[in-house]
Amino acid sequence: MNEGGPRWLLAELTYRCPLRCVYCSNPLDYARIDKELSTEEWLRVFREARELGAVQLGFSGGEPLVRADLEVLVGEARRLGFYTNLITSGIGLSAVRLARLRDAGLDHVQLSFQAATPDINDAIGGAATFSRKLKAARMIKAAGYPMVLNFVLHRQNIEQVERILLLSLELEADYVELANTQYDGWALINRDALLPTAEQLAAAEAVVTKWRETRGASPKIYYVVPDYYGGRPKPCGGGWAKTLLVVAPDGLALPCHGARKIPLPFPNVKNQNLAAIWQESTAFQHFRGEAWMEEPCRSCPERGKDFGGCRCQAMALTGNAASTDPTCAKAPKHYLVQQAVAAIRSTSPPELVRRS
């Protein structure tokens, strides 16, 4: 089964990063992946992605600013007609470099914070960065970009939602993403310390609702209930290899950034062009459509909406990527999620483990 081409290319330029976040989305074994694609290889990937029909290009990591060739990559992406988005911690961003990126044609910047106060922000990120993030935010705004802020919510900072929104207002944010932690990789290791309680979630949602009702659409707030409490799985990436194509720092092509843990023969852009990868590779075909689905997904009327949920989450929690995502209330192994939620109510949060 072939799909139309990807609409969004996520270029994970590097796994290097100045932060050591306790929910880091880098692979657990990221340190052994030390051979990054060259400038020329990335430029070829961009050309092939545009030929496939991709229109949006996200520069991610790790921290993409550690790549000295970022301006070159942005410039070629603009020439090819991509809408470009820099997803950054802001560490390493200077006024001079921001001006160069803008001159190269960068369209959009998303800046992440770990919390609304320096103590929690720096503890979660593993480095003293809060003041530098504030400086980066003001530079981005002064350069004329929309102010787009991202806060990953979890047990350690969710009670700061009001302060997060006040900080966003102070920084003249246009958009605020309150992204509840996805419990995979490092975040799964730290799940017992990061998973919020139902009471914390209810209080946070009440704050968001009040802000939306009293302050209108500025800033526009994006808030989604975390999987573990939703009862229904999210349509991860809009479905396996339907709209998103991820290229990892070492050239591995993936349907989403967390998929490399799934035991499939993922191809590498060093050895194949993107058209062959997208249209013909075994890994990209594997979970497309509905033929692969097990029960209860196979007969579920919602299968065309949620696609059985997240394959990476199914793999992480059950050891079988074809299983129904256990966050679904209908999943045979939904009890795994219920047990995790129950456990945090009866124990004190353990010490956080962070990437080295």
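Two strands count as paired if DSSP finds at least two bridges between them, and helices (H or I, at least four residues) and strands (E, at least two) are DSSP runs numbered from the N terminus. The model is a predicted one, in which local features need pLDDT of at least 70, side-chain atom pairs count only at pLDDT 80 or more, and totals for chains, interfaces and linings use all residues. Residues are numbered from 1 along each chain as its sequence is written, and side-chain values use heavy atoms, with hydrogens and water left out.

**Exercise 1. State the strand order of the open sheet and find the strands at its edges.**

Solution. Step one: the 9 strands of the open sheet follow the order S7-S6-S5-S4-S3-S2-S1-S8-S9, with mixed pairing. Step two: S7 (220-223) and S9 (253-254) each have a single partner strand and stand at the edges, so one side of each lacks a neighbour in the sheet.

**Exercise 2. Describe how strands S2 and S3 pair, and which helix packs on them.**

Solution. Step one: S2 (residues 56-60) and S3 (residues 83-88) are joined in the parallel sense over 4 bridges, and Phe59 stands opposite Leu86 in S3. Step two: helix H2 (residues 70-80) packs on the sheet and touches S2 and S3, where contact means heavy atoms within 4.5 Å. Step three: the direction of H2 makes about 175° with that of S2, the axes being lines fitted to C-alpha atoms, for helices over the stretch in contact, and angles running from 0 to 180 degrees between N-to-C directions.
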